[in-house]
Amino acid sequence: MTAILELKKATKDFRGVAAIKDVDFILETGEIHAIVGENGAGKSTLTKILAGVYQLSAGEMQFDGKPIQLASPADALNRGIAMVFQETNLVPSMTVAQNIYLGDEKVFNRLRGLYIQAQRFLLSLNFYVDPMALVSSLGAGKKQMVEIARAVHHKARLMIFDEPTATLTPEEKFHFFNLLQRLRRDGVSIIFISHALEEALELSDRITVLRDGKVSASDLTKNFTRDRIIQAMVGRSLTDELYSGGGKDRAPRPYGEKVLSIQNLSMGTVVRNTSFSVFAGQITGFFGLVGSGRTETMKIVSGVLKRDFFHGGTVRFNEKPVRYRTPRPAVRDGIVYVTEDRKVEGFFETMSIAANIQLGTVAKGINPLAVISMAEARVMAKQWTERLAIRAIDPNARIIELSGGNQQKVVIAKSAVQKPKMIIFDEPTRGVDVGSIVEIHRFINELADTGMAVIVISSYLPEILALSDRILVARQGRIVEEMDGRTATEPRIMYAAVH
Amino acid sequence: MIGALKAFYAGFRGFDEVGSTVPMMDGPLKPNTALDDAQVLLKLPAVDNLTAPAGGLVCSQGTGLLRLHTSGYGLTAAVDRTFTSDITCLAADPAGALAIGLDGRGVVIQGGRHDRVHIKDADGEILRAPTAALFLDSDTLIVANGSAEFTMADWKRDLMNRRSSGSIWRVALGSQARDATPLARNLAFPYGLAPGSGGTVLASEAWRHRVVTLDASTLTVPRAVLSDLPAYPARIATAAGGGYWLALFAPRNQLVEFVLREEAYRRRMVSDIDPAYWIAPAFSSGASFLEPIQGGARKKLNMLKPWSPSWSYGLVVRCDAAMRPLASCHSRAGGNIHGVSSLVDVGGALLVGAKGSGAIVRLEDGVRL
């Protein structure tokens with residue numbers, strides 16, 4: 001095999017701080033190369049350099065054996081390098097088909113023809129997405145599919161996937177892996193970043209591990225084990241802390257007061273006559289496949305969505321029937337929802353860590369005069385930065401400049417300052433590295449230990465098993481199974497979610 | 001028009017305009033078959049009021065007061081005394097007295113210092129349905145009068161007429177006039193009593209699906225300690241290991257909740273139909289084809305689906321000292337231990353009296369939690 005892409009002593013600085021430093025990287029033709037590392041290790045920076053988003057501060061990049069300088073992502077795409085970003089970059093007001101063929105339009109476009117063409121193309125990838133649907137109406141999983149389809153459509157010779165499977169269901173993942181194998185057989189080289197180490201071990205030919213902006217290990221996949229990857233990532237073994245024993249090595253927390261009682265809740269065809277309870281001092285795990293209505297149910301509880309006006313059921317919070325039209329009264333009553341889509345709903349990306357955390361107290365109405373002291377905000381930010389180990393190059397850095405894991409920690413801090421009675425985490429560790437996962441899990445456990453009612457929605461079964469005292473499984477808009485955290489197993493949960 | 005405005009207001013304020021939702025049996029109330037799996041000690045139709053006076057065990061069956069004796073792995077019953085009315089409640093005093101509630105006729109004391117005392121009324125209110133009694137000491141009896149209008153035998157009428165005329169009284173047995181002090185009024189069928197902490201009494205309020213706490217000496221506003229129950233609570237028993245056991249005799253379901261809000265329908269049902277066939281909770285069900293059904297497909301291959309809606313159910317809940325549910329034992333729709341009305345924690349085991357199914361079962365320590 002010959003190298004299609006090579007980096008030599010690649011360095012990228014931000015305000016004088018190196019995000020990656022002296023990185024040597026080789027990608028062979030027709031190879032699937034996994035890049036793993038903690039959040040902030042430099043994975044995204046590295047791949048953005050390859051995709052033309054950033055330019056190198058020092059070092060050299062060679063493509064097909066020739067040195068190149070990529071001016072922009074469009075330049076990279078023209079040379080055959082396509083990137084599927086972690087946070088989707090689709091145009092929300094356009095349809096799926098229009099997004100796939102964006103930048104590839106003809107002078108005269110017949111929409112019907114475009115939709116038929118897109119439908120065939122999506123089906124050939126085993127992606128069941130309506131080409132006529134507006135992207136804004138799609139869930140995170142479907143958006144990811146459209147993003148992947150767009151990259152495949154451009155017939156790139158090198159494709160870079162940043163966390164491609166985070167939002168896919170197991171079945172969609174299976175199809176996606178098959179697609180990657182097919183692309184590899186066609187001679188396409190693939191780089192993919194994943195926090196799911198099992199995927200890297202299963203799918204890739206070679207793994208490169210980054211730590212603190214440097215390559216800490218790079219080898220053929222067959223020479224790696226899960227523990228060796230983790231050690232290379234964090235410098236210590238986290239196997240015992242991460243998903244240890246599926247949560248069965250500790251006694252489950254006893255039931256506290258019934259905090260939330262959902263009775264026959266309905267919202268169109270998404271949430272269908274569902275009923276369940278949530279208790280204080282416990283972590284209630286909420287599992288379901290895409291379309292099971294778990295996120296929508298929790299968004300109704302927290303006032304983001306509205307249940308059916310008639311026959312929409314009852315929501316009782318602390319014995320009181322409630323119907324929130326906006327999140328604000330829910331926050332004031334003590335319900336906080338930590339979103340799964342942090343980029344869109346979680347934070348203000350151009351504001352600092354302190355300003356974002358301070359905004360949590362504004363939403364709660366702790367400061368009725370809305371007089372914001374930035375000095376207080378900075379003190380608060382410092383406390384939460386230490387408590388949640390938020391790592392930023394600069395304390396005044398904008399959120400957009402933080403890695404995914406640190407962004408997530410800021411979103412959690414912003415919610416936790418509201419002193420809720422019940423906190424709902426929707427995919428709390430999506431796109432988060434193993435080190436941060438341990439820290440976030442520890443924090444979630446701390447909240448439950450203080451007597452708070454905690455709900456964790458997750459698509460990742462080991463996470464559900466590790467955290468939950470009690471597990472609820474949703475299917476087709478309603479709760480179909482309740483399990484004890486001690487006795488639940490992955491096959492049992494998945495069986496309930498599918499059948 | 002008014003109906004539409006009401007519906008709009010209900011939606012605006014956040015409560016279900018039909019009001020027919022019921023809470024889920026989940027968490028500590030997650031269904032199981034522990035009651036059906038438990039050892040049956042005695043089959044005794046209409047058994048009620050299991051009580052453990054000093055060194056013994058008694059219960060009631062209609063008008064008869066029965067003493068229970070161990071026999072091998074089970075129990076045998078012998079009639080101790082017969083009354084002219086059904087026995088509605090029993091309470092034992094460690095000093096040897098037994099308070100016996102009689103349907104429509106108040107409470108009589110048997111044994112002890114106040115033997116043969118008959119309390120027919122409390123401060124002028126006839127104790128028509130003495131559903132529960134509790135000795136605070138040998139001279140002080142707490143009595144729950146389930147309804148001021150209906151007898152215990154007519155409990156369904158009290159529910160279907162949406163009455164809340166129940167009350168709880170503190171009766172001074174030592175005084176000549178048997179002075180009675182009201183502790184709570186306007187209760188919706190108080191059905192169980194237990195001693196609380198710090199001079200309080202716990203009472204189950206069946207039609208409001210809750211357990212409340214009251215001051216044991218004076219009239220106070222009841223405060224809910226356990227509410228929004230998915231079934232109708234009956235007796236409360238003190239658990240040997242601390243905390244309480246709560247018996248629930250019938251499940252709530254959406255159809256009953258709906259009927260309870262349909263004035264005209266309910267009025268005609270009450271006036272025209274035999275109570276046994278009302279759309280209402282019951283101690284037992286499934287014996288007659290005349291019973292109303294709640295939707296089809298309740299049976300498959302002649303097996304009643306355990307999750308199907310039923311008029312009766314068996315449920316015992318273990319609660320902590322603050323009356324928070326910890327665990328529960330069930331007999332589901334297809335089960336055989338329905339209509340649990342009384343409990344007694346004695347000799348390291350919990351004896352459960354299922355009035356509906358007519359059985360006394362024993363829950364061992366391992367099964368209980």
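## Notebook: chains A and B, predicted model

I opened on a turn in chain A: the hairpin of β4(A) and β5(A) has two residues between its strands, and A:Asp64 there takes a positive phi near 55°. Worth noting before anything else: this is a predicted model.

Strand β5 covers residues 66-67 of chain A and pairs with β4(A) in the antiparallel sense over two bridges. A:Phe63 sits opposite A:Lys66 in β5(A). Then I looked for another partner of β4(A), residues 58-63, and found β1, residues 3-14 of chain A, joined to β4(A) by five bridges, again antiparallel. In that pair I picked out A:Leu7, which stands opposite A:Met61 of β4(A).

**Four-stranded sheet, chain A.** Next I looked up an open sheet with the order β12-β11-β14-β15 and antiparallel pairing. Which strands stand at the edges? They are β12 (271-279) and β15 (320-321), and each has a single partner strand, so one side of each has no neighbour in the sheet. A:Lys258 has A:Phe279 of β12(A) as its bridge partner. I also wanted to know what lies across these strands. Helix α9 of chain A (residues 294-301) lies across β11, β12 and β14 (314-317), and runs at about 115° to β11(A).

**Helix pair, chain A.** I then turned to α12 (residues 353-364) and α14 (residues 404-416) of chain A. Their axes are 7 Å apart and the packing angle is about 35°. I had to check the hand, and the crossing of α12(A) and α14(A) is right-handed. On the α12(A) side the contact uses A:Ile353, A:Asn356, A:Ile357, A:Leu359 and A:Gly360, while α14(A) brings A:Val410, A:Ala413, A:Lys414 and A:Ser415. Sorting the contact residues of this helix pair by type gave me five nonpolar, three polar and one charged.

Chain B is divided into domain 1 (16-62 + 231-286 + 308-369) and domain 2 (83-228). I looked up the distance between the C-alpha centres of the two domains of chain B, which is 20 Å. How many residues are in contact between them? I got 29 from domain 1 of chain B and 30 from domain 2 of chain B.

On the domain 1 side, the elements of chain B that each supply at least two residues are β2 (47-51), β3 (58-61), β20 (231-238), β21 (244-251) and α5 (263-272). β20(B) gives the most to that side, with seven residues. By type, the domain 1 side divides into 21 nonpolar, five polar and three charged residues.

**Between the chains.** The predictor gives the complex an ipTM of 0.87 and a pTM of 0.77. I count 20 residues of chain B and 22 residues of chain A in the contact. Which elements of chain B give two or more residues to its side? They are α1 (2-13) and β25 (325-331). The chain B side divides into nine nonpolar, five polar and six charged residues.

Terms used. Residues numbered from 1 in each chain as written. Chains lettered and ligands numbered in written order. Predicted model: local features only at pLDDT ≥ 70, side-chain atom pairs only at ≥ 80, totals over all residues. Axes fitted to C-alpha atoms, helices over the stretch in contact; angles between N-to-C directions. Left-handed = near helix turned anticlockwise from the far one by under 90°. Contact = placed C-beta atoms within 7 Å. Nonpolar A, V, L, I, M, F, W, Y, C, P; charged D, E, K, R; others polar. Domains from an automatic or database assignment. Pairing = 2+ DSSP bridges.
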